[in-house]
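Work through the exercises below with the coordinates open. Each task is followed by a solution in steps.

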Amino acid sequence: MKSKTNQVIIIYILISMFVAIVSHKLLLQYISNEKLPFYTFTRDILFIFFTGIIFKLILSKNDNRNIATFEKIKNSNNEIKQSNEKYDIVAKATSDTIWDWKIEDDNFSWNKGIENIFGYKQEEVGENSTWWFDKIHPEDSIKMSIKLYSFIEQKTEKWQDQYRFRCSDNSYKYVLDRGFLLKDENGKAIRMIGAIQDITKQKEEEQRLKLLETVITQSKDSIIITEADSIDAKIPNIIYVNPAFSIMSGYESDEIIGKSPDLFNSPNSDVSELEKLLKAIKNKEECLIETISYTKNKDEYWVRLSMIPIYNADNELSHWISIQRDITEEKKQEKEKEQLIRELTQNNKDLKQFSYITSHNLRAPLSNLTGLLNLIEDITIEDQELKEILSGFNKSTHQLNDTINDLVKVIIIKDNPSIKKEAVLIKEIFENVFSQLNFQIELYKPIIKLNFEKVSIINTNKAYIESILLNLLTNSIKYKSENRKLKITITTEEIDDTAVLIFKDNGIGIDLARNKDKVFGLYQRFHNYPDSKGLGLYLVKSQVETMGGTIDIESEVNKGTTFTLTFKNKQ
Amino acid sequence: MMLDQILCIDDDPITLMLCKKVIAKSSFSNEIITSQNGEEALSYFNTIKYTNNKNKQIPQPQLIFLDLNMPVMGGWEFLDYFNSEEFSEFNTIKVVVLSSTIDPEDLEKSKQYPMVIDFLSKPISQSMLEYLKNKLK
């Protein structure tokens, strides 16, 4: 521009000098002296006019050129401005962190993301690549820098990498970094621009899924995933099996994928169970079956198999999941148990039958004896010796009869695990029992104290509770102390949902230290009394337990005995 | 009230002897017929049936004392035949089971036969007969 101006001025000076000299010479030659001022003036006017026109030409031409240049500059300025604005908008809008690395000067700059995402304030951010490398997790940094330098040296086409980047609070974020190179005219890399994306969430989700996946891969239960739709009313085709399945069935996953689980069916499979399964698949319902399956080697095994329909977000059936467990051992044990129960039940039935037959066969001749003795009662016998013999006969027969009747009661109780219960007024039961023992009560006149204020009704079997109380009272009278008047105290109490009946006497007692575990046993006698059969307390305990109650004893020799009977009162 | 004829079915001769004596003592029945098992009893009823057909009346028992456990034919089998169409002309005859059994199932089973009016435990006694007299009134 300047050189152009100088050029114009020099040309102008030279031309005007030339014109001035030529016109001066011409004037001196042709014009007379008196007219000289007029011509000089005319010449100057012409000269000014002439150069003015030349100036106009030159300047206007220059002007045009300048305007064109200015327009060009203005346009390119606008373009730059727009481009800058676009860059700013993109840099702001993207969640990525953008970096710009001038490789030769090792000048590194970051956009706002370094603060927004990683928490570094503007003043904390270093201006070279060392700062960047420094923030990369030590375990990732070597692998990352190898890949990066191989890209800068243009040995690789593309560069993107995942690594952990340290935040200002020293936590690490998983990032995906992608970059491209800018090269000079010689093809040398001079600048690199990259975008860092925070993929911590995706990475954590990935790790969570990996963890969940271990449930499937490590599970001891077999897991199969099948397609949603079944073909030809078969079980839908398999798309996945876990390792446990391969162990159970003998099929490797690549042998079985794309096939229907139908091929596991063995001739001994439970047809009704399989129908249940197919029906559930047809109705898209969950189901659980147990059946016999085939392994690859045609070995049979018992399997418990669930089939669960899986629906996608649109509520359409997308897959089926089947969880299977080998229950061969379980089934074997179950079978053995069933066999054992069958045998025990049969044994029990046989024994029961045996006891009924035995008792019948004992009772039949015994009833004859009793009947015959009843007939003798009406006959007057003169012979004293015969009378004595018959009396002994009579006593022994009745004793045998009592024993057998008690045994019969035991058999019937043991055969009746559930017995009819009703609400029974305790007072009424005692009235019945006392009237049966009227003779003995009149004879010994015991002090009997009753207190049924707290519980007056218990839920029990009337015949049983009568038999129990009759036995306990008879025992108290039978085993009373000779040194003091017999005193019996009977009270009831309510504890939680149970009715408790406490039966206490001051008799001769039982040495529990010696006999604790035998007290309620069969044929256990603790005192040498002629009419004791060792059955009473066994019968009492059997009857209490048949009604769902419990009985406990406390006793001290020569002080007395206390029985505590507990009954469930609500049913 | 005294019955004209009763039938005792039992395999045990002592039991039958006892029955005869006690029944005679209580004046329960004029005549006592005995059978040793169900089959013998059925043939007795067949005889009655035959003779009746020949227009010659034989008195029939009004009550049967029946034991359950007997050889050849037990009480249950007897009841099954006796309850059938074949013996329908005797369906007014009442039966008392007289047994030493203690099996509660036997008691339940006896209720299925309409002619069984009671289930009593041996031995037969005068008080038992008094009770039956009242029941039959």
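The model used here is predicted.

**Exercise 1.** Determine how helix 10 of chain A is oriented against helix 11 of chain A, and list the residues in contact.

Solution. Step one: the two axes come within 10 Å and cross at roughly 150 degrees. Step two: angles over 145 degrees count as roughly antiparallel, so helix 10 of chain A is roughly antiparallel to helix 11 of chain A. Step three: the crossing of these two helices is left-handed. Step four: the residues in contact include A:Ser359, A:Arg363 and A:Leu366 of helix 10 of chain A, and A:Phe393, A:Asn394 and A:Leu400 of helix 11 of chain A. By class, this contact has 12 nonpolar, 6 polar and 1 charged residues.

**Exercise 2.** Which residues of helix 10 of chain A are buried, and what covers them?

Solution. Step one: the buried residues are A:Tyr356, A:Ser359, A:Arg363, A:Ala364, A:Leu366, A:Ser367, A:Asn368 and A:Gly371. Step two: their cover includes helix 11 (384-414) of chain A and helix 1 of chain B.

**Exercise 3.** Describe the contact between chain A and chain B from the side of chain B.

Solution. Step one: chain B supplies 16 residues and chain A supplies 15 residues. Step two: helix 1 (residues 13-26) of chain B gives the most to the chain B side, with 5 residues. Step three: by class, that side has 7 nonpolar, 5 polar and 4 charged residues.

**Exercise 4.** Give the order of elements in chain B and classify the packing of its helices 2 and 3.

Solution. Step one: chain B has 5 helices and 5 strands, running β-α-β-α-β-α-β-α-β-α from the N terminus. Step two: helix 2 (residues 38-53) and helix 3 (residues 75-82) of chain B pack at about 25 degrees, with axes 9 Å apart. Step three: angles under 35 degrees count as roughly parallel, so helix 2 of chain B and helix 3 of chain B are roughly parallel. Step four: B:Gly38, B:Ala41 and B:Leu42 of helix 2 of chain B meet B:Gly75, B:Glu77, B:Phe78 and B:Tyr81 of helix 3 of chain B.

Terms used: Residues numbered from 1 in each chain as written. Chains lettered and ligands numbered in written order. Predicted model: local features only at pLDDT ≥ 70, side-chain atom pairs only at ≥ 80, totals over all residues. Contact = placed C-beta atoms within 7 Å. Helix = DSSP H or I, 4+ residues; strand = E, 2+ residues; numbered from the N terminus. Nonpolar A, V, L, I, M, F, W, Y, C, P; charged D, E, K, R; others polar. Buried ≥ 20, exposed ≤ 12 C-beta atoms within 10 Å, placed from the backbone. Axes fitted to C-alpha atoms, helices over the stretch in contact; angles between N-to-C directions. Parallel < 35°, antiparallel > 145°, perpendicular 65-115°, else oblique. Left-handed = near helix turned anticlockwise from the far one by under 90°.
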